[in-house]
Amino acid sequence: MSENIEALSKQISHGGYVIGVTDGTYQNAFTAAWVMQVSFNPLLLAISINPEHYSYQLLQAGGVCTVNVLGQEQYAIADHFGHSDKDKMMGFQWQTDKTGAPILSESLAYFDCEVSHYSDAGDHKIAICKVISAARLKEGHPLLYGQTGDMDGSSDLYK
Ligand SMILES: Cc1cc2nc3c(=O)[nH]c(=O)nc-3n(C[C@H](O)[C@H](O)[C@H](O)COP(=O)(O)O)c2cc1C
């Protein structure tokens, strides 16, 4: 790999999202940058998730999730959900729509999804998710992954 690969990878634009998951009993949420729309009809989103995350267990068991769009001022929320903590859902307001997966009420917008299928992608899994419902919750400019610096500690992962 080029020694500049970390800096070069940041040239690929990504956003900042909180992915809400539930198995029907337990709820969790994690920060994700690797999210993209991959189909118009049906409307499908792809989420790249590390299968070692606790959230992956809940995603697999429940088959539902939400994609919550963070605003540019919500850097601290990205940081909070970007780290594991058994109590990390506390202190935030949550709501649900059709699937029952947790929606972060202070996000700019959400997409309520059912998992369609998974694909292998190296050390991650790609969850292909069908959008069941979506809504804007407030006005604002979306957070960009490039603005989060090394919040995810990924600089070590390119070595
Ligand atoms: C800015 C940022 C972006 C991230 N993007 C992803 C991502 O796209 N996919 C992923 O699996 N983890 C991503 N992470 C890491 C997870 O959010 C982190 O490992 C989290 O602790 C997982 O939550 P859990 O252990 O409670 O399931 C990102 C973290 C940060 C801070």
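An N or O atom in the side chain of Lys88 sits 2.8 Å from an oxygen atom of the ligand, a polar contact in the sense of a pair of N or O atoms within 3.5 Å. Ser84 has a polar side-chain atom 2.6 Å from a ligand oxygen, while Thr31 uses a backbone N or O atom, 2.7 Å from an oxygen of the ligand.

Before going on, a word on the model: it is predicted, with local features needing pLDDT of at least 70 and side-chain atom pairs counting only at pLDDT 80 or more, while totals for chains, interfaces and linings use all residues. Residues are numbered from 1 along each chain as its sequence is written, and side-chain values use heavy atoms, with hydrogens and water left out.

Now the wider shell. There are 22 residues around the ligand, and Thr31, Ser48, Ser55, Ser84 and Lys88 come nearest; being near takes a heavy atom within 4 Å. Strand E2 (27–32), strand E4 (44–49) and helix H2 (54–62) are the elements giving two or more residues to this shell, and E2 has the largest share, with 4. Helices here are DSSP runs (H or I) of at least four residues and strands (E) of at least two, numbered from the N terminus. By class, the shell has 9 nonpolar, 11 polar and 2 charged residues, with Gly counted as polar.

What space does the ligand take? It is the largest pocket, in that more than half of the ligand's atoms lie within 2 Å of the pocket's grid points. A pocket is an open set of points on a 1 Å grid over the protein atoms alone, where a 1.4 Å probe fits, with protein on both sides within 12 Å along at least five of seven lines; lining residues have an atom within 4 Å of a point. The volume is about 1100 Å³, meaning the space filled by probe spheres set on the points. Of the 40 lining residues, Thr31, Asn50, His53, His124 and Asp152 are closest to the centre. E2 again gives the most, here 5 residues.

Lastly, the backbone: most peptide bonds are trans. Asn41 and Pro42, however, are joined by a cis one, with omega about 5 degrees.

Terms used. A polar contact is a pair of N or O atoms within 3.5 Å; within protein, one must be able to donate a hydrogen and the other to accept it, and residues adjacent in sequence count only if both atoms are side-chain atoms.
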